[in-house]
2 protein chains.
Amino acid sequence: MSTKPELKNDLLLRALLREPVETTPIWVMRQAGRYLPEYRATRQKAGDFLTLCKTPELACEVTLQPLERFPLDAAILFSDILTIPDAMGLGLYFTEGEGPKFKNTIRSEADLKKIGIPDPEDDLGYVMDAVRLIRQELGGKVPLIGFSGSPWTLATYMVEGGSAKVFANTKSMMFDRPDLMHQLLDKLSQSVASYLNAQIAAGAQSVMIFDTWGGSLNTQNYREFSLQYMKKIVSQLTRENDGRKVPVVIFTKGGAQWLEDIADSGCDAVGLDWTIELKDARARIGDRVALQGNMDPCVLYASPERIKQEVAHILKSFGHGNGHVFNLGHGIHPTINPEHTGALVEAVHDLSKQYHTK
Amino acid sequence: MSTKPELKNDLLLRALLREPVETTPIWVMRQAGRYLPEYRATRQKAGDFLTLCKTPELACEVTLQPLERFPLDAAILFSDILTIPDAMGLGLYFTEGEGPKFKNTIRSEADLKKIGIPDPEDDLGYVMDAVRLIRQELGGKVPLIGFSGSPWTLATYMVEGGSAKVFANTKSMMFDRPDLMHQLLDKLSQSVASYLNAQIAAGAQSVMIFDTWGGSLNTQNYREFSLQYMKKIVSQLTRENDGRKVPVVIFTKGGAQWLEDIADSGCDAVGLDWTIELKDARARIGDRVALQGNMDPCVLYASPERIKQEVAHILKSFGHGNGHVFNLGHGIHPTINPEHTGALVEAVHDLSKQYHTK
């Protein structure tokens, strides 16, 4: 018996399940972020990024900020993809301007033995508390999206000890010690599945797996070291919340060439970056899954008029029919003018109506 | 009447023109580079990177270094893609660990008016002198590849003032002032065509256009702002040297989704990064062009045995028939053990023979 308020705007859930909608829903990757002055104020109040992530009240506050400004069709949990490795004991920290770092790395059998599967409520309770608080504060306005990094993406940070471009250590392990890499990915996929299930239990109404670095792999390696583990996760997820199906989205940045494989993974929707035309993507996968994307985030540097043109192009490229969630093809850049985000949301709602009339 | 010595190893030229070969030729992007101790010694002698590029004797010296170590099937001119913007007066300089920078940027009509089309022999004579010297020193051992950056790729550095990840300024100009961007790209494509023709006149036996950042564009923008200008360049090139055809290679990093478009550009071969299987690429483009690539450069971090396995996989993926030049899918990383490069070259020569018997 749920005491939760009824969901007032369920456009996102319907679109992700390819059900009819009146307008194309839109949310924006990193919609709660540095481009918003109110976010910067809360972050300053928190002191540092990690405290912001680990304080449910503050995470809830920034999650809701973009919804105050724009009529977005979803909220996404404010958190970081590296909470899982942090809970495994790697010691996540952030240095200004340098991105995330870990005190410990995973490069050997001995390193691997030290890490276990985190218990979501015990070890990552701050995330679950944030989810519960956000659901409460949202009051059914829009659905809440939970998320996790993909096992491969998390592994790159854990092996490199932070951000990297080339992934020399991670790929060395993959090529020379595939057995070790598979052990790490197996632990990570168990952790991600239990983490996402806990988010769903706490109230997440849809979940997304961010495979930010899957696109750095060749086709064979992508299937073996990234997609395989995302499939395992998808197969283990609780797919129901408040009596509704919980849609699962997989987003591999740079993964357009593996679209068919991703669509066959068991997910409900595929997130796309901007390097593929939606009409081509749709022609390739038919009605198997919904598509989420895919405007170049740099379009938001252009004028509102130009933004509108690009929105029109993307909506037309998808065309009539169900199964499109509008989004950027990657996170919004920190130097974007928030008014341009407003112009984007307005354009998507205005211009998409024509594609949803019978 | 050519007094140049006969070309002893023409495997590269034949493979790029899809003619029969006995073994698959191999060269390596950035084969003359920091991973070689002898390169680091010459660079130290030069004092800085730009002096190394601008001193024909030193550029020749480093161009030939990898050929002394490995039985590579081609030499590639040692130079930098930013010589053209430098000759346009932008003031190229390098700061240790930070990559290339320009003193001046191109962001307005006024900026654009200040730049002209460089004369290759007057303004870039050091490059042509290097080409002539390398040809002489090579003595017909292997063919010499000339190269240039693509107009779009050069434009990103000129507008940003150096390296960038997001291309905020470049894309702002593209989205908001496409007229200005087209003027810049037009000047650049004229410059690149005359630069490559001068390299061919000086002795380059094949030329390659590096479109390092074309993959940052969406499909529509890629066609309009990158591929269109590479096509124009290809149509203007002198395609003959010493009585042989000069094959032209186009390489767009991250461009696998536009393979058919690139293959139709008028080039002889398409360079591929490692995110596509050669057998899939070949199925898509048939015999229209040759393919160059495409091993993940990180495989060279693995053991020689593992490198050999990956070479076997790539050769098998291309299969029997003509039109494959082996290469990495991107430049070799500076921290690679040179012995691993030797193992790669040996494996390609050994394992490819079976694909070229009747």
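Predicted model: local features only at pLDDT ≥ 70, side-chain atom pairs only at ≥ 80, totals over all residues.
## Two copies, one axis

Let's begin with how the chains are arranged. Turning chain B by 180°, with 0.0 Å of shift along the rotation axis, superposes it on chain A with an RMSD of 0.0 Å. That is the relation of a two-fold axis. The same surface serves both copies, since 100% of the contact residues of chain B recur in chain A.

Where the chains touch, 26 residues of chain B are in contact with 26 residues of chain A. Which helix gives the most to the side of chain B that touches chain A? It is α10 (residues 168-176) of chain B, with five residues. By class, the residues on this side of chain B divide into 11 nonpolar, 10 polar and five charged.

Now look for the strands. In chain A, seven of them form an open sheet with parallel pairing, in the order β1-β4-β5-β8-β9-β10-β11. The edges are held by β1 (75-76) and β11 (324-328) of chain A; each has a single partner strand, so one side of each is left without a neighbour in the sheet. For a close look at one pairing, find β8 (residues 248-252) and β9 (residues 269-271) of chain A, which pair in the parallel sense over three bridges. Here Ile250(A) stands opposite Val270(A) in β9(A).

Chain B has an open sheet of seven strands too, in the order β1-β4-β5-β8-β9-β10-β11 and with parallel pairing. Its edge strands are β1 (75-76) and β11 (324-328) of chain B, each pairing on one side only. Inspect β5 (residues 206-211) of chain B, which runs parallel to β8 (residues 248-252) of chain B and is joined to it by five bridges. Ile209(B) has Ile250(B) in β8(B) as its bridge partner.

## A helix across the strands

Return to chain A to see a helix against strands. Helix α11 (residues 178-202) of chain A lies across β4 and β5 (206-211) of chain A. The direction of α11(A) is at about 170° to β4(A).

## Helices meeting helices

Two packed helices are described by the angle between their axes and the distance between the axes. In chain A, α5 (residues 83-90) and α9 (residues 151-160) pack at an angle of about 45°, with their axes 10 Å apart. That makes α5(A) oblique to α9(A). Ile84(A), Pro85(A) and Leu90(A) in α5(A) meet Leu154(A), Tyr157(A) and Met158(A) in α9(A). This contact has six nonpolar, no polar and no charged residues.

In chain B, the axes of α15 (residues 304-318) and α16 (residues 338-352) come within 9 Å and cross at roughly 40°. That makes α15(B) oblique to α16(B). The crossing of α15(B) and α16(B) is right-handed. Residues of α15(B) in this contact include Ile307(B), Val311(B) and Leu315(B), while those of α16(B) include Leu344(B), Ala347(B) and Leu351(B). By class, the contact of α15(B) with α16(B) has 10 nonpolar, two polar and one charged residues.

Notes:
Residues numbered from 1 in each chain as written. Chains lettered and ligands numbered in written order. Axes fitted to C-alpha atoms, helices over the stretch in contact; angles between N-to-C directions. Helix = DSSP H or I, 4+ residues; strand = E, 2+ residues; numbered from the N terminus. Parallel < 35°, antiparallel > 145°, perpendicular 65-115°, else oblique. Left-handed = near helix turned anticlockwise from the far one by under 90°. Contact = placed C-beta atoms within 7 Å. Nonpolar A, V, L, I, M, F, W, Y, C, P; charged D, E, K, R; others polar. Least-squares fit on C-alpha atoms with pLDDT ≥ 70 in both. Pairing = 2+ DSSP bridges.
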